[in-house]
Amino acid sequence: MTDTLFSKIIRREIPATIVYEDEDILGFKDIAPQAPVHVLFIPKHAPIPTLDDATAEQAPLLGRLLLAAAEYARREGLAQDGYRVVMNCREHAGQTVFHIHLHLLAGAPLGHFGTP
Ligand code: AMP
């Protein structure tokens, strides 16, 4: 994986509001939030540009991304009302940073999903 913006956030070379961290995963606030709560969860050590590049061996890590988002949502009191998780893959989804990441969106009704 080539060095990305998110690699720089992991190395603390550019600022981010980090709200979650464990051994494998970092969570930080999206710089252009699309909901009252918008946090990105990324793997810290695995070079995965897109979901299409993920391998079967990386399934546990992908699961941990989801569980990190769920843990954060519970901790922040967002789980009861609910939230959305999204992972964009390449051009048609509008992926702009090629370091796999999970969006957590919450804090208000999010409306219908899937309108182009
Ligand atoms: P995607 O479009 O799925 O690739 O998502 C990339 C996300 O990264 C977008 O929602 C951007 O707003 C967000 N983003 C870009 N630069 C930064 C940054 N420096 N800090 C936090 N989020 C960022």
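Predicted model: local features only at pLDDT ≥ 70, side-chain atom pairs only at ≥ 80, totals over all residues.
The ligand is considered first. The space that the ligand takes is the largest pocket. A total of 16 residues surround the ligand. Asp30, Asn88, Thr96, His101 and His103 are the closest of them. Two elements, helix H1 (5–10) and strand E2 (25–29), each supply at least two residues of the shell around the ligand. H1 gives the largest share of that shell, with three residues.

In the side chain of aspartate 30, an N or O atom is 2.5 Å from an oxygen atom of the ligand. Backbone atoms take part as well. A polar backbone atom of isoleucine 31 lies 3.1 Å from a nitrogen atom of the ligand. A polar backbone atom of valine 97 lies 3.1 Å from an oxygen atom of the ligand. Taken alone, the ligand exposes 500 Å², and the protein buries 84% of that.

Histidine 103 is among the residues closest to the ligand. Histidine 103 is found in strand E5, which covers residues 102–106. Is histidine 103 buried or exposed? Its relative accessible area is 12%, so histidine 103 is buried, because buried means under 20%. The side chain of histidine 103 is joined to the side chain of histidine 38 by a polar contact of 2.8 Å. Histidine 103 also touches residues beyond its neighbours within four places in sequence. These contacts are Asp30, His38, Val39, Leu40, Arg84, Val85, Val86 and Asn88.

Histidine 101 lies in the loop between H3 and E5. With a relative accessible area of 5%, histidine 101 is buried. Which residues does histidine 101 touch, not counting residues up to four places away in sequence? They are Phe6, Leu40, Phe41, Ile42, Val86, Met87 and Gln95. Histidine 101 and phenylalanine 41 are 60 residues apart in sequence, but their C-alpha atoms are 5.4 Å apart in space.

Histidine 99 has its place in the loop between helix H3 (90–93) and E5. Its relative accessibility is 2%, so histidine 99 counts as buried. What does the side chain of histidine 99 contact? It makes a polar contact of 3.3 Å with the side chain of threonine 4. The backbone of histidine 99 is reached too. The side chain of histidine 101 comes to 2.7 Å from the backbone oxygen of histidine 99.

Other residues give a contrast in accessibility. Leucine 110 lies in the segment after E5. Leucine 110 has a relative accessible area of 31%, so it is partly exposed. Its contacts include Ala35, Tyr83, Arg84 and Leu105, leaving aside neighbours within four places in sequence. Leucine 110 and aspartate 52 are 58 residues apart in sequence. Their C-alpha atoms are 26 Å apart in space.

Arginine 74 lies in helix H2, residues 59–75. Is arginine 74 buried or exposed? Arginine 74 is exposed, because its relative accessible area is 56% and exposed means over 50%.

Two arginines concern the backbone angle phi. Most residues other than glycine have a negative phi. Arginine 12 has a positive phi of about 60°, although it is not a glycine. The place of arginine 12 is in the loop between H1 and strand E1 (18–21). At 46% relative accessibility, arginine 12 counts as partly exposed. Arginine 90 also has a positive phi, of about 65°, and is not a glycine. Arginine 90 lies in helix H3. Its relative accessibility is 35%, so arginine 90 counts as partly exposed.

Methods: Residues numbered from 1 in each chain as written. Heavy atoms only, no water. Helix = DSSP H or I, 4+ residues; strand = E, 2+ residues; numbered from the N terminus. Buried < 20%, exposed > 50% of the residue type's maximum accessible area, 1.4 Å probe, protein only. Polar contact = N/O pair within 3.5 Å; in protein donor to acceptor, adjacent residues only side chain to side chain. Contact = heavy atoms within 4.5 Å. Near = heavy atom within 4 Å. Areas by Shrake-Rupley, 256 points an atom, 1.4 Å probe, with all protein chains shown as cover. 1 Å grid on protein atoms, 1.4 Å probe; cavity = no way out; pocket = protein on both sides within 12 Å on 5 of 7 lines; lining within 4 Å. Sits in = over half its atoms within 2 Å of the grid points.
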